[in-house]
Amino acid sequence: MNLTEFERSLSDFCTGYETYTKLMSDIKRLDNLIQANEKQLNDSLIKIPFTHLCFVDGLGIFKHQTPTLLKQNRQLIIKYNRKLIKAKKLSNSLHEQLEIIRNDYLTSNGEESEAKDKLANKYLKQFGQIGHPLKRKDK
């Protein structure tokens, strides 16, 4: 891989990683919303003492917010699952990209290696790493 392709690969990896971190924060936010929704749903049920059973009141009448909470919960879970699938695919893609970049970096030599080292430091320092995952073990 020449330097331009190497830099493009690093740039694509960084962009993908930023997208991945945003997806993960969205998933965490959705998880918190789902938990809050389920807590409200559980609070709307009548609990039978000394058992782990719950039911709606004897007439089958729900509290006014229950149908809305069920609908919201369904929509949140669908969004959560879609984002989770995207995050898993993106994670696999990022691992593959990083492996390709790393293998190319490790097989380069001389001036090309130094130039790639500078590019890797430039792109990967934004992740708060002192070094970067491409470094050779013998250096």
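**Exercise 1. Determine what share of the contacts with a separation of 6 or more in the protein chain comes from residues 24 or more positions apart.**

Solution. A contact here means heavy atoms within 4.5 Å. Among the contacts in the protein chain with a separation of 6 or more, 74% are between residues 24 or more positions apart. The model is a predicted one, in which local features need pLDDT of at least 70 and side-chain atom pairs count only at pLDDT 80 or more, while totals for chains, interfaces and linings use all residues. Residues are numbered from 1 along each chain as its sequence is written, and side-chain values use heavy atoms, with hydrogens and water left out.

**Exercise 2. Describe the secondary structure of the protein chain and its order along the sequence.**

Solution. Helices (H or I, at least four residues) and strands (E, at least two) are DSSP runs, numbered from the N terminus. Counted in this way, the chain has three helices and two strands, and their order along the sequence is α-β-β-α-α.

**Exercise 3. Check whether the length of helix H2 agrees with its number of residues, and find what covers its buried residues.**

Solution. The expected span of a helix is 1.5 Å times one less than its number of residues. Helix H2 runs over residues 66–107, and its 42 residues should therefore span 62 Å; the end C-alpha atoms lie 61 Å apart, which agrees. A residue is buried under 20% relative accessible area, exposed over 50% and partly exposed in between (1.4 Å probe, protein chains only). The buried residues of H2 include Thr66, Leu69, Asn73 and Tyr105, and their cover includes helix H1 (3–43) and helix H3 (110–124). Asn73, which lies in helix H2, counts as buried because its relative accessibility is 9%. Leaving aside residues up to four places away in sequence, Asn73 touches Ile34, Asn37, Glu38 and Leu41.

**Exercise 4. Classify the aromatic pair formed by Phe13 and Tyr17.**

Solution. A pair of aromatic rings is described by the distance of the centres and the angle of the planes. Rings of Phe, Tyr and Trp (its six-membered ring) pair if their centres lie within 6.5 Å, and planes under 30 degrees apart count as stacked, over 60 as edge-to-face and the rest as tilted. The rule gives one aromatic pair. The ring centres of Phe13 and Tyr17 are 6.3 Å apart and their planes stand at 25°, so the pair is stacked. The two residues are four apart in helix H1, and therefore about one helical turn separates Phe13 from Tyr17. Phe13 is buried, at a relative accessible area of 9%, whereas Tyr17 is partly exposed, at 33%.
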